[in-house]
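I opened this structure to look up a few local features. My notes follow in the order in which I made them.

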Amino acid sequence: MLDQSYYQMTDEIIGRYGKAPASLIPILQDIQEEYRYLPGELLTYVAGEIGVKEAKAYSVATFYENFSFEQKGKYVIKVCDGTACHVRKSAPVLEALLKELGLSKKKHTTDDMLFTVETVSCLGACGLAPTLMVNEEVHPTMTPEKAIELIQELRGESR
Amino acid sequence: MMMDSKEKILAVREEEIQKLNASDCRILVCSGTGCIATGSHKIYEKFMELVQDTPGIEIEFAPHDSHDEKEEKVSVKKTGCQGVCELGPLVRIQKKDKVIQYTKVQIEDCQEILERSVLEDEVVERLLYKKKGKAYLGPDDIPFIAKQTRIALKNCGKFDAESMGEYLASGGFGAIIKALYEMTPEEVVDAVDKSGIRGRGGGGFPAGRKWKQVARQPEKIRYVVCNGDEGDPGAFMDGSVMEGDPFRLIEGMMLAAYAVSAQNGYIYVRAEYPMSVARLKHAIACMEEAGLLGDHILGTDFSFQLHINRGAGAFVCGEGSALTASIEGNRGMPRVKPPRTVEKGLWEKPTVLNNVETFANIPEIILNGPDWYRGIGTESSPGTKTFSLTGAIENTGLIEVPMGTTLREIIFDIGGGVKEGGTFKAVQIGGPSGGCLTEKHLDVPLDFDSVKKYGAIVGSGGLVVMDEHTCMVEVARFFMSFTQRESCGKCVPCREGTKRMLEILEKIVAGEGEIEDIDRLKELGEMVKSMALCGLGKSAPLPVLSTLREFMDEYVEHIQDKKCRAKVCQSLRRFMINPEFCKGCGKCAKNCPVGAITGVRKEFYHIDTSICIKCNACKDNCAFDAIYIEA
Ligand SMILES: Cc1cc2nc3c(=O)[nH]c(=O)nc-3n(C[C@H](O)[C@H](O)[C@H](O)COP(=O)(O)O)c2cc1C
Ligand code: SF4
Ligand code: FES
């Protein structure tokens, strides 16, 4: 069960876009931004409030890759695997991160809920490939070594 | 300030021009996504701090200030992409008589730049752009920038991306003023039609024809939609325009709205571009406050509201009908056409849907006329095209060149050739919907029609250069895995066909391919290409088909010789020990997780390639560099 604050927040977000079916995606995006995931209860709640069928809300939410029903870590690391990054060797960066954090292509988030590692298809900084993004900050010209240093830094920061 | 008449906006423009001219020196800090990633925000803040603390510098000045000789009027601005992203953070020092381009500026350099280049007339030599021992002073001296023709990117790097005033001072909004006061909507459509501009989002459909079709519809509620989804992974032209010159894009959309009598507009921005969203929102807010968006713009009957939608991570949403479905709050799936977007687009109403760069070109076309525009580029593809130049190239970055420029000019003259003296192998153009061009295509003029003849497309403008360290089979696998993942699954040929093609490619790079796979790939490719519903599926096989055509020998090598000449495909790499370097320390044998290495201490060691899992542990830890990879 989510506490009341979640619903208050959701009401505020709905207020930003208005109670109309076309507001569904922007509302879900803001909820996801707020909590770093999309709690199922809120999806149901939003559907009811803006007048779309629950099934439709689910089908929309599952269609778009950016929506996640699972809670994500404090630091969401998106490793770019766009073409520019790929040909400048982004794969070893991803591998190094997964190994350092004990994650795999199936397990994305560390047990301590500190890190989530995902891939993304271009961050728009291709001139500085390979890149990755921690929350909203882009880090340029990565190497496996730099990626591990970054993890250590972030671990220190959150202590 | 409210600008509700022509007189008012012209007066404000005059004031802004004076303000611009009043400054003795402008410190222009690049704040494109690339430079921000290398820390340009901190450079901006540092300059602000320094400028505020240095006596004799004035940063807040009114345009009409009497000029006190002792006071230096300096402004610090955040601009859009200055182009050479790899050398960021980039800073330009713009004075009345010269411009200096600095590269890789660090916090420690700011004080020196201020003292020597802003307050004095000296140059900090070590921060200049250098190539082969030669240093270049201004941006227009650098071949990378000098050889470009900038229309869509005209202001990028020169003006404050967040300032409506600077946009005005640069001549901005001149086109919408001209259109509203001197031209009928039909005349605007006509000018765009005559200019011959073709859509920059990939398809190359004439924009004027599209606008005409919308203007003709009986339905009176109409929309203008800007496609800022920039789906090609490895391209950032549209993002650079949205974050670097948001007002120009908006002016282009206003012109479209005026031309087809639309009342509302939407900009659909790719999810990964938070900065584009922020800059566009800021621009819209400024314009609403000034009355340049909303009701009765500039005191005329023209009213236009603009909205922003963020993408949610689906490549297929770049397709027109999927994009409008997404704005409506639905799953972003393409639909069968007709009806086309011009007849039934957003909310089933006639809709002008164009790409970011297309819109960004419109203001200059209206200002300078169609004949001027036709004077640039080629007969069938007038104008310029932006490209993002990436991969194995010396100068990565953002460029804009006349249509018809050859690959050779782009890669060697502008891009400075292949990185670290490597050999040019191919360039992927048009991303996952495009194909590769090779050595023999270097002199093909890049325009919509010429490139098509060689099985590639200009596409949105991604150019990824590949050298001998790139495996073309692996590149084909890479694009196929992208399109397969992004297929929306609505139609079977695309959903199943891409899956099958990917399986085969995975098999080949794993060293398990059979020679028949080549024919299977070709057949499947042709089938998907002709039967898929939308452009995603129709173009998904192109990278495979074009690498098959140009690099058949690499496919055959992978399959028959189990060899990857670029040494990229992991399963095909053989780890070997060079007996000349091996000192017999035994460290590799200890590190090998599967016990593939055996030998005699102080003599030499040997790797059993049938056990080796190619994990690199031995190579990473050898102190004598004795382990090498045989392709
Ligand atoms: C799968 C797919 C993805 C597309 N992605 C984009 C995109 O990211 N940006 C874009 O402008 N056009 C994209 N297009 C092309 C659009 O459908 C449309 O043709 C274009 O936005 C029209 O604008 P233009 O005529 O100004 O180019 C895509 C098409 C397909 C089939
Ligand atoms: S071709 Fe692919 S992406 Fe396009 S509609 Fe069919 S399944 Fe969806
Ligand atoms: S491909 Fe990685 S940032 Fe564009």
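I began with the terms: buried means under 20% relative accessible area, exposed over 50%, and partly exposed in between, with a 1.4 Å probe and protein chains only. This is a predicted model, in which local features need pLDDT of at least 70, side-chain atom pairs count only at pLDDT 80 or more, and totals for chains, interfaces and linings use all residues. Residues are numbered from 1 along each chain as its sequence is written, chains are lettered from A and ligands numbered from 1 in the order in which they are written, and side-chain values use heavy atoms, with hydrogens and water left out.

**Entry 1: a histidine in chain A.** I looked up A:His139 and found it in strand S4, residues 137-139 of chain A. Helices (H or I, at least four residues) and strands (E, at least two) are DSSP runs, numbered from the N terminus. A:His139 has a relative accessible area of 17%, so it counts as buried. Leaving out residues up to four places away in sequence, I noted that A:His139 touches A:Pro130, A:Thr131, A:Leu132, A:Val134 and A:Leu150. Contact here means heavy atoms within 4.5 Å.

**Entry 2: helix H8 of chain B.** An α-helix has 3.6 residues a turn, so residues three or four places apart point the same way. Just after H8(B), I noted a positive phi of about 75° at B:Gly196.

**Entry 3: strand S16 of chain B.** Strand S12 (384-391) of chain B runs parallel to S16(B), joined by 4 bridges, and B:Thr390 has B:Val464 as its bridge partner. Strand S14 (424-429) of chain B runs antiparallel to S16(B), with 5 bridges, and there B:Phe424 is partnered by B:Asp467. Two strands pair if DSSP finds at least two bridges between them.
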